[in-house]
Each structure stands twice: as C-alpha cells, then as structure tokens.
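Dear colleague,

My notes on what was found in it follow directly after.

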Amino acid sequence: MADQMFGGSFGPFLNKVKPYLAMVSLQFGYAGMYIVTMMCFKRGMSHWILVVYRHAFATLAVAPFAIVLERKIRPKMTLRVFIKILALGFLEPVIDQNLYYVGLKSTTATYASAFVNLLPAVTFILAVIFRKEIETHEHNFFLFLFNIIFSGSL
C-alpha cells in the first residue's frame with residue numbers, strides 16, 4: 001500500500017530518509033538518557049556508580065554482537081594495543097563521563113543537552129586551530145562556511 005501512495009518508489013524514499021530517522025531516534029535516546037540520569041541523581045545515586053552501571057549495561061548489550069560479528073577480523077593483542085585500549089578505557093568513561101555527570105548534577109538536563117550539541121563545533125574549531133582540518137577548495141567553500149556557522153546549533 002505504501003508503494004502505491006508514493007508511486008512505487010517507497011524503497012528509494014526510505015533509503016533517503018534513514019539517516020534522518022536515525023538522528024531523530026538518537027536525539028530521543030539522548031533525551032531519555034538525560035531524564036533517567038537526572039532522576040537517578042535526584043534520588044541520591046552517585047555519579048561514579050551511574051557510570052559503572054551505564055558501562056555494564058552497554059557491555060551486555062554490545063558484546064554479543066562484537067563477539068559474533070567480528071570474531072575473525074580482530075587484530076592481534078599486542079602490548080601496544082593493550083596499553084592503547086587501557087588508556088582510552090580510562091580516559092573516556094572515568095574522566096569524561098564523571099565530569100559530565102558532575103556538571104549535569106549542578107545544572108539542568110536542558111543545559112547539558114545544549115552543551116553536548118556544541119561538541120561538533122568545538123571539535124571543528126580545535127581541528128582548525130591545530131591545522132588538522134582538510135584544506136577546502138572553492139567549490140567546497142559553502143559547505144565549509146555552513147559547517148563553521150551551524151555545526152554546533154544542530
């Protein structure tokens with residue numbers, strides 16, 4: 001029936017809309033996470049414990065897919081790879097999320113959500129400062145300008 005409504009072109013239409021639906025779903029997920037997090041904080045949960053619970057749940061949700069789908073393509077576990085995993089595992093969940101949750105305890109979920117949406121703009125500005133951004137050409141100038149102006153406001 002949907003094919004008849006769109007003249008038989010529902011498949012290509014759905015393929016074009018998938019990224020937008022994914023982003024809207026992601027934003028709803030973030031909003032739900034902010035609300036649940038604030039409820040936990042208002043009931044007295046420590047931000048340290050919340051980070052542990054969050055990562056335990058994420059591990060249980062993602063690990064089966066990683067084990068099954070990436071069984072044959074895993075890199076060899078060398079000491080260098082292990083140290084990188086250990087450093088990233090310490091920096092991201094321990095420092096980043098605990099600082100985020102401390103800030104979230106002191107403000108509102110709306111304020112935290114607005115600042116999380118600024119992360120792409122801050123990342124872009126830092127890439128320009130440290131000269132990591134790809135050089136732009138004349139035909140890409142409009143996209144370059146659009147990224148500078150609107151990347152944090154979306």
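Asn98 lies in helix α4, which spans residues 79-106. Please bear in mind that this is a predicted model. The relative accessibility of Asn98 is 5%, and the residue therefore counts as buried, the cut-off being under 20%. The side chain of Asn98 makes a polar contact with the side chain of His47, at 2.9 Å. If neighbours within four places in sequence are left aside, Asn98 is in contact with His47, Trp48, Val51 and Pro93.

Tyr101 also has His47 and Val51 among its contacts.

Tyr101 belongs to the largest nonpolar core, which has 8 residues in all. Helix α2 provides the largest share, 3 residues.

As regards annotation, an unreviewed UniProt entry places the feature "transmembrane region" at residues 20-41, 47-69 and 109-130. In the model, residues 20-41 are 100% helix and 0% strand, with the end C-alpha atoms 32 Å apart. Residues 47-69 are likewise 100% helix and 0% strand, and their end C-alpha atoms are 33 Å apart.

Yours sincerely

Technical notes: Residues are numbered from 1 along each chain as its sequence is written. This is a predicted model: local features need pLDDT of at least 70, side-chain atom pairs count only at pLDDT 80 or more; totals for chains, interfaces and linings use all residues. Side-chain values use heavy atoms; hydrogens and water are left out. UniProt positions are given in the numbering used here, feature names are shortened, and annotations may be inferred rather than shown by experiment. Helices (H or I, at least four residues) and strands (E, at least two) are DSSP runs, numbered from the N terminus. Buried means under 20% relative accessible area, exposed over 50%, partly exposed in between (1.4 Å probe, protein chains only). A polar contact is a pair of N or O atoms within 3.5 Å; within protein, one must be able to donate a hydrogen and the other to accept it, and residues adjacent in sequence count only if both atoms are side-chain atoms. Contact means heavy atoms within 4.5 Å. A nonpolar core is a set of buried Ala, Val, Leu, Ile, Met, Phe, Trp, Tyr and Cys residues joined through side-chain atoms within 4.5 Å.
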